[in-house]
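I opened this model to look up a few local features. My notes follow the order in which I checked them.

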Amino acid sequence: MKALLCSGLIALVLVGCGGGGSGRDCSANVNACNATPVADAGVQQNVLVGTTVTLDGGKSSDADGNPLTYSWSVVSAPPGAQTILATSTAKVATFIPDSAGIYLVGLTVNDGKVSSPVAIATINASNTNLSLAQTSYADGGSIPLRQAATGVGGSNLSTPLSIGNVPTATKRFAIVMDDETGSCQPGLGACRHWGVFNLPVAKILITEGENLLLQQGTIYGSTYTGSVGYLGPNSASGHTYKLTVYALSAEMPFLTGVPEYNRAKFEVDFKPYILGKATLTGVYP
C-alpha cells in the first residue's frame with residue numbers, strides 16, 4: 001500500500017511540474033516548471049542584392065507568457081559578403097545583402113530564465129534581374145496616343161513588351177502599371193492603370209493590345225477607376241507612368257478574383273517571392 005501511495009505522489013509531482021516529456025525544465029537551477037521559449041525567424045525570402053531584408057521574430061512565443069528578448073546573428077553568408085545586422089536585439093532586424101548567395105540568420109529568444117534553440121531564417125540573394133524592352137517609346141520617353149485611354153482620344157492599347165534575363169527559378173510573371181503624379185500619390189497612393197497576374201513564365205513576348213486572359217490562369221486586376229484590365233494614360237497634363245514586370249518564384253500565391261495592386265502594395269505583400277523586376281517609365285502627353 002505504501003508503495004502504491006508513493007507511486008501516486010511521484011506521478012502527481014511529475015504532472016504538476018510538466019514531467020513525462022512536456023518540454024518544461026524542473027531542475028534545481030531553473031525556476032520550477034518554466035517552459036522553454038520558441039524562436040521563429042520567419043519564412044525563406046528571395047531577394048535582390050542591394051535591397052533591404054526585414055527579419056521579423058514576432059511569431060516567437062513562450063508558453064508561460066513571459067516577455068521575450070531577442071538576439072539575431074549571422075550564421076553564414078556568401079564568401080566576401082559584409083553582412084551587418086541593424087537592431088540585432090530587437091524583434092525586427094534588417095540587413096542589406098551585398099553579395100549573391102545564401103544567407104543564414106539565426107534568432108534566439110529568452111524569457112528571462114532560459115534561451116530558446118536557434119531558429120534559422122534563409123535568405124536567397126540574387127544578382128539576376130529582368131530586362132524589359134518595347135518598341136513603342138524609349139524608357140523615359142513619350143507614350144504614344146494609341147496607348148492612351150479613349151477618354152483622351154487614344155485607342156487604349158496596352159504596351160508591347162519583351163522580357164529577358166529571366167531568373168532560372170521564375171514560375172510566373174506579374175505586370176503592374178501605375179501613376180504617382182498629380183492627384184495620385186507616391187507609393188501606396190499610386191493610381192492603378194494595369195495589373196496582370198499569374199502570367200506563365202513562358203510568356204516573354206507580349207504584343208500591343210494583346211488579350212493576356214488567353215494565357216492559362218492569367219487574371220487582370222482593377223484600375224483606380226474600377227475598370228478591369230488596361231487603362232491607358234488619361235491625364236490632361238503631363239503625368240509619369242511606371243510599368244513594372246515581376247519575376248515570381250514557385251511559392252508565389254496564385255491570385256484569384258480581381259486584385260487591386262499598385263506597385264508599392266504588390267511589393268509589400270509579395271516581397272519574399274520576387275526574384276527580379278524591371279521597370280519601364282513613360283510620360284503622357
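**Entry 1. Overall make-up**

I am working from a predicted model. I began with the secondary structure and found 2 helices and 17 strands in the protein. The protein has 285 residues, and 42% of them count as buried. I then looked at how far apart in sequence the contacting residues are. Taking contacts with a separation of 6 or more, 67% are between residues 24 or more positions apart.

I went to β6, which covers residues 92-95. Which of its side chains are buried? I found Ala93 and Phe95 buried, both pointing to one face.

Next I looked for a partner. Strand β4, residues 53-56, runs antiparallel to β6, and 4 bridges join the two. I checked what stands opposite alanine 93 of β6, and it is leucine 55.

**Entry 2. Asparagine 198**

I located asparagine 198 in strand β13, which spans residues 191-200. Is this residue buried or exposed? Its relative accessibility is 5%, so I count asparagine 198 as buried. The cut-off behind that call is under 20%.

I wanted to know what its polar side chain reaches. I found two backbone oxygens on my list. The backbone oxygen of leucine 255 is reached by the side chain of asparagine 198 at 2.7 Å. For glycine 217, the backbone oxygen lies 3.2 Å from a polar atom of that side chain.

I then listed the contacts of asparagine 198, leaving aside neighbours within four places in sequence. Arg172 and Phe173 are in contact with asparagine 198.

**Entry 3. Cysteines**

How many disulfides are there? I count 1 disulfide. Cysteine 184 and cysteine 191 are the pair, with S to S at 2.0 Å. The angle about the S-S bond is -100°, and the link of cysteine 184 and cysteine 191 is left-handed.

I checked the accessibility of both ends. Cysteine 184 has 5% relative accessibility, so it counts as buried. Cysteine 191 has 10% relative accessibility and therefore also counts as buried. I looked up cysteine 33 too. Its relative accessibility is 14%, so cysteine 33 counts as buried.

**Entry 4. Backbone geometry**

I looked for a cis peptide bond and noted one between tyrosine 284 and proline 285, with omega about -10°. Proline 285 sits in the segment after β17, the strand of residues 274-284.

Threonine 87 is not a glycine, yet its phi is positive, about 50°. I placed threonine 87 in the loop between β5 (69-76) and β6. Asparagine 165, a residue other than glycine, also has a positive phi, near 50°. Where is asparagine 165 found? It is in the loop between β11 (161-164) and β12 (172-179). Its relative accessibility is 54%, so asparagine 165 counts as exposed. The cut-off for exposed is over 50%.

**Entry 5. Pocket and cavities**

I turned to open space. The largest pocket has a volume of about 350 Å³. It is lined by 14 residues, and the closest to its centre are Gly42, Val43, Gln45, Thr54 and Asp56. Which element gives the largest share of this lining? I found that β4 does, with 3 residues. Both β4 and α2 (263-270) supply at least two residues each to the lining of the largest pocket.

I count 2 cavities of 30 Å³ or more. The largest cavity has a volume of about 50 Å³. Its lining includes Tyr137, Ile143, Gln147, Thr159 and Met177. Tyr230, Tyr241, Lys242, Leu243 and Gly282 also line the largest cavity. I asked which strand gives the most to this lining, and it is β16, residues 239-248, with 3 residues.

Note on methods
Residues numbered from 1 in each chain as written. Predicted model: local features only at pLDDT ≥ 70, side-chain atom pairs only at ≥ 80, totals over all residues. Heavy atoms only, no water. Buried < 20%, exposed > 50% of the residue type's maximum accessible area, 1.4 Å probe, protein only. Pairing = 2+ DSSP bridges. Polar contact = N/O pair within 3.5 Å; in protein donor to acceptor, adjacent residues only side chain to side chain. Contact = heavy atoms within 4.5 Å. Disulfide = S-S within 2.5 Å. 1 Å grid on protein atoms, 1.4 Å probe; cavity = no way out; pocket = protein on both sides within 12 Å on 5 of 7 lines; lining within 4 Å. Points joined across faces, edges and corners; volume = space filled by probe spheres on them.
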